[in-house]
Every structure is written in structure tokens, then in C-alpha cells.
Amino acid sequence: MLGVLLLLSLTSLVALLPPPTAPPVPCRHCCDHLEPAEGSGAQPPTFGFSHVPEVRTYINMTILKGDKGERGDRGTPGKAGLEGPPGSRGPMGSKGTKGQAGLPGDPCKVQYSAFSVGRQKSVHSLESYQALLFDTVFVNMDDHFDMFKGKFICRVPGIYFFNINIHTWNFKETYLHIMQNDKEQVIVYAQPSDRSIMQSQSLMLQLELGDEVWIRLYKRERENAIYSDDVDVYITFNGYLIKASVEGK
């Protein structure tokens, strides 16, 4: 009897086991159809699939590329960059041709004044002062020296240089002044002597328009004289402008 029961039990177990070639059936619960709770980290049921294939989308860009668009507007220029170092000096170019002469300058801005006169006749003092007159002209620009008065008249204000040369007379005194208007500036003097000599005097004067420069011979109370003859010129008086003043330009 016991052997019969054991045989029946083994037969039941064999009947319940699946055949060895059939795939295993997963164990299912009554709640397997529900989704896992959010945030639990559990994977959703695969319902019999152990591996889900990955799907990747591929887009062919050559098919989606459109036509070439129009050129856009020019952008605003950027800021200038830093100045670079100077380059090396280039070779010297060839000499150019001579240019044309320019227009002449304004003659009013170039001022000149000069004179040089002489006397060939001797002269003695009179009862009063007298201006030394001249009879020979070497230079007299624009007639600034008045030969009738024996005076230089300033037409261009500025600084002038003047010079007088005379020859003394034996045993007679020589006594002259270079005058600016009515004021003595410098003297030319020689004492009486048995020999005649050449005397000279020079100075510079600042002249205004209309000033007069001349040689004055002293009056007769001091008998004086200047020697000359008709052959040679012993007496000369010279003057010229060194620099015109602002008013004369």
C-alpha cells in the first residue's frame, strides 16, 4: 500500500514539472499590470521581453539644406588697432624737375634807404652855425638826402648807421657836429696843427618818420675850416638803414 502511494506522488510531481526544452515561465503577481511608483527607481514591466532595442533617429542634412540666401548688410567698422612700429626708411627718390618761379613778393614789405654824398670845395666858418652842403652824389636812393639843404630826411623809420669823413686845414681848428634835428649827437674835432689830417666819426641812430640828420659847422668865434680841392674828394657823408621799425613795415 505504501509503495502505491509513493508511486502516485512521484507521478504527480513529474506531471507538474515543465518539459526540459520549454522556456521558463516568469512568475507573475496580481499587481504586475500596474506601473511602478514615481521616484521608486523600479523599471516598468517588460511583459516577457528581457531586452528593449535602442532606437536612434538619423536625419540626412543634405536633404534638408535650403538655397543660398542673399548677402547681408555690411556691419559697422571696428575700432582702429594700435599704431604699429615705423617702417624702415625707403630709398631716396630721383631728383624732381625745377618748378616754376613764384610770384614776386610785396615790395612794400622790403624797405631800403641809403645815401653817400661828397664835397670837393673847402669851407670856412661863418658868423653863425651853418649846415655843411655837398656837391657830389654817389648814392641817393629815392632822393632821401636833400642836396639843397644838406640833410638826410627819414622816410623809413628804423635804425640807421651814419659816417662822416673830413680833412683838416693847416693851423685851423676843425669843429663839427652830427645833428639829429636840432640836437647835437656826436662831435668831429681836431685842434689847430701845422699838419692836416683825415678825421672820421660814426654812429647809429633810431629815427622816426621825418627826422633830419645833417652836419653842422661851428660858428666863426672858433675859427674853423675843412680842406678840399677840385681834384679829389676829401669830405664824405654816408648813411643807410640797418633795420626798419614796425611802423615802417
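**Ground rules.** I am working on a predicted model, where local features need pLDDT of at least 70, side-chain atom pairs count only at pLDDT 80 or more, and totals for chains, interfaces and linings use all residues. I number residues from 1 along each chain as its sequence is written, and side-chain values use heavy atoms, with hydrogens and water left out.

**Entry: strand 8.** I take helices and strands as DSSP runs numbered from the N terminus (helices H or I, at least four residues; strands E, at least two). I count two strands as paired if DSSP finds at least two bridges between them. Strand 8 and strand 9 run antiparallel and are joined by 7 bridges. Their hairpin has 2 residues between the strands, and there N181 takes a positive phi near 60°. Strand 8 also runs antiparallel to strand 11, with 5 bridges between them. On that side I found H177 bridged to R216 of strand 11.

Next I checked burial (buried is under 20% relative accessible area, exposed over 50%, partly exposed in between, with a 1.4 Å probe and protein chains only). Strand 8 is mostly covered, with 7 of its 7 residues buried. In a regular strand the side chains alternate between the two faces of the sheet. Here T174, L176, I178 and Q180 point one way, Y175, H177 and M179 point the other way, and all are buried.

**Entry: charges over rings.** I looked for NZ of Lys or CZ of Arg within 6 Å of a ring centre and within 35 degrees of the ring normal. R216, the partner of H177, lies over the face of Y129 at 4.0 Å from the ring centre. K172 lies over the face of W169, at 4.7 Å from the ring centre.

**Entry: aromatic pairs.** How many aromatic pairs does the structure hold? I get 17. My rule takes rings of Phe, Tyr and Trp (its six-membered ring) with centres within 6.5 Å; planes under 30 degrees apart are stacked, over 60 edge-to-face, and the rest tilted. F134 and F145 are edge-to-face, because their ring centres are 6.0 Å apart and their planes stand at 75°. F134 sits in the loop between strand 3 (130-131) and strand 4 (136-140) and F145 in strand 5 (residues 145-146), so this pair ties together parts that are 11 residues apart in sequence. Both are buried: F134 has a relative accessible area of 6% and F145 one of 2%. Y160 and F162 make a stacked pair, 6.0 Å centre to centre with 20° between the planes. Y160 and F162 are buried too.

**Entry: the core.** I define a nonpolar core as buried Ala, Val, Leu, Ile, Met, Phe, Trp, Tyr and Cys residues joined through side-chain atoms within 4.5 Å. The largest one has 28 residues, and F152, F162 and F237 touch the most other members. Among the elements that give two or more residues to this core are strand 1 (114-119), strand 7 (158-167) and strand 13 (235-244). For contacts I use heavy atoms within 4.5 Å. Beyond its neighbours within four places in sequence, F162 is in contact with residues including F115, F152, L203, V213 and F237.

**Entry: strand 7.** I find 7 of the 10 residues of strand 7 buried, so the strand is largely enclosed by the rest of the structure. Strand 7 pairs with strand 10 in the antiparallel sense over 10 bridges, and H167 has M198 as its bridge partner there. Strand 7 and strand 13 also run antiparallel, joined by 8 bridges, with I159 opposite K243.

N165 is found in strand 7. N165 and Q199 are 34 residues apart in sequence, yet 5.8 Å apart in space, C-alpha to C-alpha. I then listed polar contacts (N or O atoms within 3.5 Å; within protein, one must be able to donate a hydrogen and the other to accept it, and residues adjacent in sequence count only if both atoms are side-chain atoms). The side chain of N165 makes one with the side chain of N163 at 2.7 Å and one with the side chain of S200 at 3.0 Å.

**Entry: T136.** T136 lies in strand 4 and counts as buried at 16% relative accessibility. Its side chain makes a polar contact with the side chain of D135 (3.0 Å).
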